[in-house]
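Take a look at the model below. How are its chains put together?

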Amino acid sequence: MNEAAYIAAAWIGTFGAVAAYAAWIIRRGRQASELVDEQDRRWM
Amino acid sequence: MTIDGSVSPSGAVAPARSPAPTSTSSRATRILGTVALVGTAALVVFGLWITPPDAQLGETIRILYMHVPTVSAAYVAFIITAVASVAYLWKRTEFWDLLAASSAEIGVLFFALTIFNGMLWGRITWGVFWRWEPRLTTTTVLFLTYLGYLAVRRVPTSTRTRGTVSAVIGILAVVNIPITHKAVDWWRGLHQEKTIFGTVDPEMQGTQLFTAYLGLTVFLVLFAWLLIHRFRLAWLTERAEEQGLDAAIAERRAEGSLS
Amino acid sequence: MIRDAALVASKDLRLEWRGRVGLGQVLPFALLCVLLFAFALDPDRGVLQRATSGLFWMIVLFAAVLVVQRSFSVEGEDGVLDALRLSGLAPASVYLGKVAAIVVQLLALEALLLVAVAVLYDTTLRGWGLLLGTVLLATLGIAGAGATYGVVGLRLQGAETLLPLLLLPLLAPVLIGATRAGDVALGRSAGPGWPWAAMLGIFAVVYVSLGAILFRPLMEDL
């Protein structure tokens with residue numbers, strides 16, 4: 001039972017951290033793109 | 001991933017263009033993101049439910065479905081950093097500098113997750129969070145090495161100096177990966193303990209093997225998706241700073257002309 | 001190239017000798033570490049004796065950080081590196097000169113430190129061949145990586161605190177190799193010691209070559 005808790009912690013921790021990091025990047029990306037001229041944010 | 005840097009001559013904006021996005025997303029990232037999301041869901045289903053417990057590892061193999069992919073993706077990230085660093089010293093273009101930095105940051109995140117997973121695995125297997133298991137030890141040393149790289153990038157200096165210095169560090173650090181591996185392996189050679197990879201059945205089959213590869217694929221896609229977003233964020237940050245600087249200079253000029 | 005390197009090295013060593021920072025600050029610091037380790041690890045339990053090799057190399061690493069910092073702060077002060085760059089010396093020669101100067105200083109420090117450790121930790125020095133080989137190769141590796149990071153520290157003015165964070169993880173293999181080889185030389189552990197020395201040699205060759213190549217971009221846009 002204890003084992004299951006550690007395994008769950010590993011999965012939640014890993015994907016949680018990736019999701020948090022992704023959310024942080026995307027939010028900062030939105031904020032930064034407001035400061036930048038239009039010609040500088042045309043992505044491929 | 002490159003930026004469409006085509007600044008139209010004479011500044012005339014082509015009429016038929018759609019408005020530029022107000023985020024770091026594009027069609028490519030949306031597709032990659034969807035694939036990553038679906039893949040993650042599949043990995044959860046396969047890793048936590050469908051696959052049977054391992055004959056030797058028992059349920060702990062479920063941690064390896066993430067542990068192995070995170071560490072692999074991190075190494076891919078650091079190799080990209082090193083290649084981009086060499087390319088920067090050669091070509092001296094912003095693209096390579098920002099690519100190296102973005103890749104390293106994600107690599108550090110993945111290394112942190114690898115250590116975290118490894119410790120939980122150890123808690124189950126050894127009964128303690130930490131043993132001086134070679135792979136875990138190597139990962140931690142390299143994690144600290146790349147924290148240094150990221151710290152260097154935060155030092156306020158000129159873009160060119162930052163690029164040169166961090167490129168040199170990116171190259172020196174990647175060369176240290178095999179040396180540290182070898183040294184730590186020998187160092188722990190006398191102490192045989194249950195290692196994370198050493199106990200994986202080399203003839204893994206069926207759903208287990210499939211899940212292992214699925215994990216690897218999912219994390220590589222996740223990495224690619226994060227890298228594109230992180231790169232674009234870095235690009236936007238540079239532009240924003242430039243414009244801030246331009247504005248400040250213009251202001252100073254205006255002040256100067258008044259007095 | 002060798003002559004240029006010797007020129008740079010002798011200039012550094014002369015400056016160093018005049019300033020007496022190595023003698024007056026780094027060496028006392030190293031001796032202080034010898035004492036502090038004794039306080040931390042009760043001398044009566046025999047830990048000091050068993051761990052002599054590791055403690056010795058830990059102190060060398062700490063001292064190396066100071067020596068490297070010193071070796072480049074000299075350059076920063078009077079824009080000497082600028083002068084070196086304008087002097088037309090090849091960057092690789094400047095680098096090798098720097099490495100040589102650091103090696104000489106570290107070797108002097110290590111010789112004295114070895115005596116201190118032998119006396120204070122009650123360690124009998126033996127296995128001289130392996131011991132000397134280890135000291136030489138490890139020192140070359142430390143200086144090779146150190147000189148590159150020293151100029152990195154110089155380029156990032158006001159970020160001197162970064163040097164240990166950058167240099168010490170990189171030197172982890174050197175600490176491992178030198179400690180193990182030292183253990184074998186001192187008879188603290190069995191097994192061949194030369195493979196460890198060989199690893200130290202590989203580390204030294206790799207980092208000295210990389211430093212010689214990478215010094216050019218580092219100096220160029222100063």
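What follows goes from the chain contacts to one helix pair. The model is predicted.

Begin with the pairs of chains. Two pairs touch, and the most contacts are between chains A and B. There, 31 residues of chain A are in contact with 36 residues of chain B.

Now turn to chains B and C. Here 25 residues of chain B meet 23 residues of chain C. Two elements of chain B give two or more residues each to this side: helix H4 (134-153) and helix H5 (159-187). H5(B) gives the most, with 16 residues. By class, the chain B side has 16 nonpolar, seven polar and two charged residues.

That leaves chains A and C. No contact joins them. Their closest C-alpha atoms lie 24 Å apart.

Next, go inside chain C. Helix H6 (residues 91-120) packs with helix H7 (residues 128-155) of chain C, their axes 9 Å apart. The angle is about 135°. Roughly antiparallel would need an angle over 145 degrees, so H6(C) is oblique to H7(C). The crossing is right-handed.

Which residues of H6(C) and H7(C) make the contact? From H6(C) come C:Tyr95, C:Lys98, C:Val99, C:Ile102, C:Val103, C:Leu106, C:Leu107 and C:Glu110. H7(C) brings C:Val135, C:Thr139, C:Leu140, C:Ile142, C:Ala143, C:Gly144, C:Gly146 and C:Ala147. By class, this contact of H6(C) with H7(C) has 11 nonpolar, three polar and two charged residues.

Methods: Residues numbered from 1 in each chain as written. Chains lettered and ligands numbered in written order. Predicted model: local features only at pLDDT ≥ 70, side-chain atom pairs only at ≥ 80, totals over all residues. Contact = placed C-beta atoms within 7 Å. Helix = DSSP H or I, 4+ residues; strand = E, 2+ residues; numbered from the N terminus. Nonpolar A, V, L, I, M, F, W, Y, C, P; charged D, E, K, R; others polar. Axes fitted to C-alpha atoms, helices over the stretch in contact; angles between N-to-C directions. Parallel < 35°, antiparallel > 145°, perpendicular 65-115°, else oblique. Left-handed = near helix turned anticlockwise from the far one by under 90°.
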